[in-house]
2 protein chains.
Amino acid sequence: MKISHANRGMGLEQDIDLTNSYYLDMNKAVIYKKPTPIQIVKVNYALKKIVDAYFKIPSTTDYNGIYKGYYIDFDAKETTSKTSFPLANIHKHQIKHLTLCHNHGGIAFIIVRFSKINETYYLSISDLVSYTNSNNTKSIPLSYFKEKGHLIKDKYQPRVDYLNIVDIYIRRMYEEKN
Amino acid sequence: MKISHANRGMGLEQDIDLTNSYYLDMNKAVIYKKPTPIQIVKVNYALKKIVDAYFKIPSTTDYNGIYKGYYIDFDAKETTSKTSFPLANIHKHQIKHLTLCHNHGGIAFIIVRFSKINETYYLSISDLVSYTNSNNTKSIPLSYFKEKGHLIKDKYQPRVDYLNIVDIYIRRMYEEKN
């Protein structure tokens, strides 16, 4: 059946974009990918075209928005490693940004896809930081994602149903308050 | 005194960027301007340069982030009119986006500067929509901003202290809940 495999190998980013569109259509959440930050050097105004520009390092993460009144902030990364997530994939200032969002009452996390084994995990920024703080390491092993993170099961729609996991953290925040 | 006038005539966008940096430095809020959305047509990979691209119409607003656990979303506009804010300045899908953010429990608004009279107002998306729904109009008069909006007084630091006004709405939301 060719059709059922049509979406295989689609990138994580595209999967998340489709997921966010689905959430928006269902009026479940309002979450968008931010545009890629670009430094514009020269514009041809007559042609309304940018003719010289370059990519900037992002100061924040790729995705943010609102769900059930909560501020949501995350980044999504893919790795071809079968055993660990290399921390070189994520900028230090992105970790700092996610930590700040968490401290201000938001729900902040990363989504990591181990593409070779086709497993996608949710890891809260607190669990990420608690690992990197207590381990002098350049990567986070898959076993840690299995232990502290949450597997996001592949679905047809939405493809990467991460709000399912966010619900767990909303429940925890609610219980801590009450 | 030249120094005291040094910042006069600085654009609203730059004022808000400085304000957001100040909020971040003070650990008061985490609010950023989103990058300008650009459609990239051609990249020169050898030179790591974008050589052909064009501006896209933004699907959302320019600013969002988190403050006191609340999702914040707004756009900032300047007008040279002394009497009214032309609605042509704001896209319909931006109004829709802000309405959605409000419906999901966020704090959504626009900041409008009447640059000729040097007055900057905060207007909640609800008040904006309630005006446009009951008036067949292409602009919102300054008098409506004075009546339903909130004047944001010029300050040295932060320059456009809009979170001061956000606090009013947080208080209202809290009172409605309790």
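Helix 3 (residues 125-134) of chain B lies across strand 7 and strand 8 of chain B, at about 85 degrees to strand 8. Contact here means heavy atoms within 4.5 Å. The axes are lines fitted to C-alpha atoms, for helices over the stretch in contact, and angles run from 0 to 180 degrees between N-to-C directions. Helices (H or I, at least four residues) and strands (E, at least two) are DSSP runs, numbered from the N terminus.

This is a predicted model, in which local features need pLDDT of at least 70 and side-chain atom pairs count only at pLDDT 80 or more, while totals for chains, interfaces and linings use all residues. Residues are numbered from 1 along each chain as its sequence is written, chains are lettered from A and ligands numbered from 1 in the order in which they are written, and side-chain values use heavy atoms, with hydrogens and water left out.

The sheet of chain B is open and has six strands in the order 1-4-5-7-8-10, with mixed pairing. Two strands pair if DSSP finds at least two bridges between them. Strand 1 (29-33) and strand 10 (150-151) of chain B are the edges, each pairing on one side only. Further in, strand 5 (residues 70-79) and strand 7 (residues 107-114) of chain B run parallel and are joined by eight bridges. In this pairing B:Lys77 stands opposite B:Val112. Helix 1 (residues 12-25) of chain B lies across strands 1, 4, 5, 7 and 8 of chain B, running at about 150 degrees to strand 1.

Confidence in chain A is given by a mean pLDDT of 92, with 95% of its residues at 70 or more; pLDDT is the predictor's confidence in each residue, from 0 to 100. Residues 1-8 of chain A fall below 50, and this stretch has one contact in the model beyond near neighbours in sequence. The model scores ipTM 0.91 and pTM 0.92.

Side chains of opposite charge can pair when their charged atoms come close. A salt bridge is counted when a side-chain nitrogen of Lys or Arg is within 4 Å of a carboxyl oxygen of Asp or Glu, and the total over all chains is 14. One of them joins A:Arg113 and A:Asp15 at 2.8 Å, N to O. A:Arg113 sits in strand 7 (residues 107-114) of chain A and A:Asp15 in helix 1 of chain A, 98 residues apart. A:Arg113 counts as buried, at 4% relative accessibility, and A:Asp15 is buried at 3%. Buried means under 20% relative accessible area, exposed over 50%, and partly exposed in between (1.4 Å probe, protein chains only).

In chain B, B:Lys146 and B:Glu119 form a salt bridge, with their closest N and O atoms 3.3 Å apart. B:Lys146 lies in helix 4 (residues 142-148) and B:Glu119 in strand 8 of chain B, so the pair ties together parts 27 residues apart in sequence. B:Lys146 is partly exposed at 49%, and B:Glu119 is partly exposed at 22%.

Between the chains, 35 residues of chain B are in contact with 35 residues of chain A. The two chains bury about 2,800 Å² between them, 68% of it on carbon and sulfur atoms. Buried area is the accessible area (1.4 Å probe) that two parts lose on being put together, summed over both. B:Ile50, B:Ile66 and B:His104 supply 23% of the area that chain B buries against chain A, more than any other three residues. Two salt bridges cross this interface. The side chains of A:Lys49 and B:Asp52 meet in a salt bridge at 3.3 Å, N to O.
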